Amino acid sequence: MAASLEAAEQLDAPAYAVADVVSTALELTGTASQPIQNVLHGTWLGHPLHPALATFPIGTWTMAFALDGSEALGLAPRRQVGEAADLALKAGVVGAVAAAAAGMADWRQVHGRDRRTGFGHAALNSVALGLNIGSIALRHRGRRGLGQIASGAGWLAVMAGAYLGGHLVYRRRVGVDQADRSPEPRGFQPVLPVAELREDRPYRVELWDEAARAMVGVVLVRHQGRVHAMGSRCSHMGGPLDEGWVQNGGLVCPWHGSRYCLASGQVLDGPSTAPQPRYDVRIRNHHVEIRHVPEPGDEALTPQDIAAGHAEAEAGAEARPGSRKADEVLFEHHQLLRRLFETVEAMDAHDPERRDMMRLLAGELEIHEHVEDVIFYPAVRPVSEDVPVAHAEHQQLADMLALALRLGPSSPEFEQQLRALHKAVDHHASSEERSMFKEAQRLGEARLRELGGQIEQMLEHERESRARSAFRALKIRLLEKG
């Protein structure tokens with residue numbers, strides 16, 4: 001359905017006609033036009049208002065649909081259920097009108113295939129609104145059965161409209177923050193001679209992001225003698241802010257008119273709802289130097305963070321005599337897992353001991369993940385950004401292992417799943433060895449040996465503890481039966 005709408009060029013003329021009517025209505029409000037649009041876009045909220053409002057009519061009309069079904073099947077007292085369904089329909093109508101106003105404000109800012117899809121989305125929701133209003137009228141006239149059919153059809157229409165709305169957001173990224181939020185540069189970096197900047201004329205510079213393997217655009221603006229810097233890619237639809245202009249202390253996007261405060265990057269005027277990435281600026285040796293300002297919750301490490309993490313790790317760290325470093329112990333366990341995979345893969349498919357060897361591999365893999373989650377990852381978090389990815393890979397390995405255990409060890413499906421699991425484990429281990437283990441060296445040798453001692457102690461406990469062994473065995477048996 002979405003693909004057909006995107007290709008339907010015949011929708012362009014009516015869609016633009018509707019958009020012109022909406023634009024004219026806004027223009028007639030005069031100076032109130034921009035504040036009204038800011039409210040409808042959700043600029044004040046920090047994210048688009050339309051999706052939040054749309055949940056209300058979807059929820060209430062779904063409730064009415066369920067209540068009507070209960071009434072028809074005689075599952076609840078007819079009068080009470082009927083009154084509740086009628087109230088839910090009326091509340092949904094009010095919510096749908098508000099959601100439509102916000103959605104229309106957003107829709108007039110998109111074009112091409114997205115405008116066509118949005119037009120279909122709006123049409124379906126309008127049909128749903130009309131059917132539900134008609135349903136309310138029919139119910140008041142005593143034609144309850146026909147009213148329930150009308151609201152049921154309205155519910156189907158709003159579900160189809162919701163599908164198109166989801167397509168616009170999750171596939172086409174309409175309303176999604178599209179700013180480049182790279183953490184680079186983490187420390188002050190010279191980017192431009194200050195003499196090249198002209199008052200109120202945006203200037204684009206680029207920086208290399210090693211992790212993303214891409215250039216990061218930053219726009220510099222000299223305004224009233226002060227240099228400001230923010231991300232050059234507009235958070236609304238990715239427009240080039242370096243091609244925009246300065247107006248009332250804000251930088252305006254040339255595509256849709258979003259205006260961002262030069263000092264803070266905050267949205268002053270929509271349709272954008274997300275602030276721009278910010279950069280600290282200083283002038284050194286007649287050059288502009290910039291540094292990315294981390295956002296709340298940002299896990300990107302700066303040189304200062306790494307230094308603080310190293311100092312904290314070194315303070316009070318006591319190396320145990322004879323203890324190996326944590327990365328050495330974990331690398332040894334990586335090698336054990338690799339050998340176990342090779343052993344299972346080399347065994348005859350019908351060998352009865354193959355299942356037992358697979359259980360041993362599963363147990364060691366679970367031990368490894370547990371040790372890293374409990375000891376190693378929390379310790380290296382201050383000096384490595386790889387921890388969230390490593391946690392995600394652990395979840396992936398657990399899911400793949402569960403599937404492998406459910407398959408018979410002599411089946412072709414098991415062989416395929418085993419090879420995939422082997423590759424996934426080797427990728428995870430190799431990634432840690434290439435990056436996280438090297439970054440862990442920032443903790444200092446004493447701290448790494450302390451962690452190594454803790455890991456060896458936990459490995460020994462996990463293998464010798466009858467309770468822990470019994471727990472793993474039970475979990476593996478349950479997974480095999482799943």
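Which ring does the charged end of Arg115 sit over, 5.0 Å from its centre? Have a look at the structure, and keep in mind that this is a predicted model. The answer is Trp107. The charged end of Arg115 also sits over the ring of Tyr16, 4.2 Å from its centre.

Okay, let's stay with rings. Searching the whole structure turns up 4 aromatic pairs. One of them is Phe65 with Trp155, a stacked pair with 4.4 Å centre to centre and 5° between the planes. This pair connects distant parts of the chain: Phe65 belongs to helix H4, residues 49-73, while Trp155 belongs to helix H7, residues 144-171, and the two are 90 residues apart. Is each one buried or exposed? Phe65 is partly exposed, because its relative accessibility is 38%. Trp155 has a relative accessible area of 19%, so Trp155 counts as buried.

Another pair is Phe376 with Tyr377, and this one is tilted, with 6.3 Å centre to centre and 50° between the planes. Phe376 is buried at 0% relative accessible area, and Tyr377 is buried at 0% too. Together with Phe437, Phe376 and Tyr377 make one aromatic cluster.

Now, on to a sheet. Here we have an open sheet of 4 strands, in the order E5-E6-E7-E8, with antiparallel pairing. From one strand to the next, the twist averages 40°. Between E5 and E6 (residues 250-252) there are 3 bridges, and Trp245 stands opposite Val252 in E6.

How values were computed: Residues numbered from 1 in each chain as written. Predicted model: local features only at pLDDT ≥ 70, side-chain atom pairs only at ≥ 80, totals over all residues. Heavy atoms only, no water. Pairing = 2+ DSSP bridges. Axes fitted to C-alpha atoms, helices over the stretch in contact; angles between N-to-C directions. Phe/Tyr/Trp six-rings, centres within 6.5 Å; stacked < 30°, edge-to-face > 60°. Buried < 20%, exposed > 50% of the residue type's maximum accessible area, 1.4 Å probe, protein only. Lys NZ or Arg CZ within 6 Å of the ring centre and 35° of its normal.
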